[in-house]
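Please keep the sequence and the model in view while reading.

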Amino acid sequence: MACEDAILGAGMRALLDQQADITVVGNTTGIESAAAAARQTPDVLVVVSPALTVEHKRELAALSEGTKVVLIAKAEFAPRSIEALRVGVRAVLSPDASPDELIHVLRTVSAGAAIVMPEEARPSLHLLPDIVSPAPATGLLATLTPRESEVIVLLAQGKSNVEIAEKMSITTATVRSHVHHLLRKLGVGTRAQAVAFAYESGLISVIGQDAEAPVRKTS
């Protein structure tokens with residue numbers, strides 16, 4: 001896995017270089033990132049950003065068109081992380097994340113999965129359904145199979161295809177098939193965008209409520 005990093009620091013760079021499956025191919029800043037990414041063609045581009053402004057989102061969208069982007073930024077509130085996912089970012093990681101967490105995220109994103117957002121942002125997820133009507137999400141849930149509903153929840157937890165396959169006792173090929181159908185039904189292009197849409201639309205909340213609903217046995 002080739003990785004373009006941005007201001008990760010000498011210590012982090014040295015740690016990444018110690019990983020047998022990770023090669024740091026470059027280091028750049030600001031407006032040079034797009035040109036460097038095009039030149040180096042990394043599997044994953046690590047972007048360090050102090051905030052998520054409109055200008056940053058435009059740059060992230062452009063970068064995400066050419067490679068898998070991992071954003072390291074303060075995103076205490078879920079909507080900010082979801083905005084990043086919506087423009088194509090594959091993962092959002094807190095600046096306080098440990099080296100082991102970063103390495104795990106790099107490997108997971110390189111394999112095609114998405115880490116949703118920093119841990120500190122997740123408590124604010126319960127606020128998202130308040131800004132949307134549950135009716136569309138309920139209707140959307142009706143278009144998904146039970147397996148697809150389970151897969152979108154696991155994707156939102158940042159699980160890789162292998163982890164999802166183990167959790168659901170199915171093959172990775174079947175997981176890929178479920179993900180493909182999910183992307184088509186949700187009208188999005190990437191797993192990260194599917195997760196962002198699922199949170200924004202209230203789908204994740206509706207799935208959770210559906211799972212918690214009491215079941216009445218019939219004779």
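A residue is called buried when its relative accessible area is under 20%, exposed when that area is over 50%, and partly exposed in between, with a 1.4 Å probe and protein chains only. Strands (E, at least two residues) and helices (H or I, at least four) are DSSP runs numbered from the N terminus. The model is predicted, with local features needing pLDDT of at least 70 and side-chain atom pairs counting only at pLDDT 80 or more, while totals for chains, interfaces and linings use all residues. Residues are numbered from 1 along each chain as its sequence is written, and side-chain values use heavy atoms, with hydrogens and water left out.

The chain has 219 residues, of which 47% count as buried, and contains 11 helices and 5 strands.

Strands are said to pair if DSSP finds at least two bridges between them; strand 3 and strand 4 (residues 68-72) run parallel and are joined by 5 bridges. Within this pair, Val-69 of strand 4 stands opposite Leu-45.

Leu-60 belongs to helix 3 (residues 54-64). Leu-60 counts as buried because its relative accessibility is 3%.

The nonpolar cores come next. Such a core is a set of buried Ala, Val, Leu, Ile, Met, Phe, Trp, Tyr and Cys residues joined through side-chain atoms within 4.5 Å. The largest one has 40 residues, and Ile-152, Leu-155 and Leu-203 touch the most other members. Helix 10 (residues 191-200) contributes the largest share of this core, 6 residues. Another core, of 15 residues, lies apart from it and includes Ile-22, Val-46, Val-70 and Ala-97.

In helix 7 (residues 146-156), the buried residues include Ile-152, Leu-154 and Leu-155. How do helix 7 and helix 10 pack? Their axes, lines fitted to C-alpha atoms over the stretch in contact, with angles from 0 to 180 degrees between N-to-C directions, lie 9 Å apart at an angle of about 100°. The two helices are therefore roughly perpendicular to each other, a class that covers 65 to 115 degrees. Contact (heavy atoms within 4.5 Å) is made by Ile-152, Leu-155 and Ala-156 of helix 7 with residues of helix 10, among them Ala-194, Val-195 and Tyr-199. After helix 7 comes Gly-158, with a positive phi near 80°.

Technical notes
Parallel < 35°, antiparallel > 145°, perpendicular 65-115°, else oblique.
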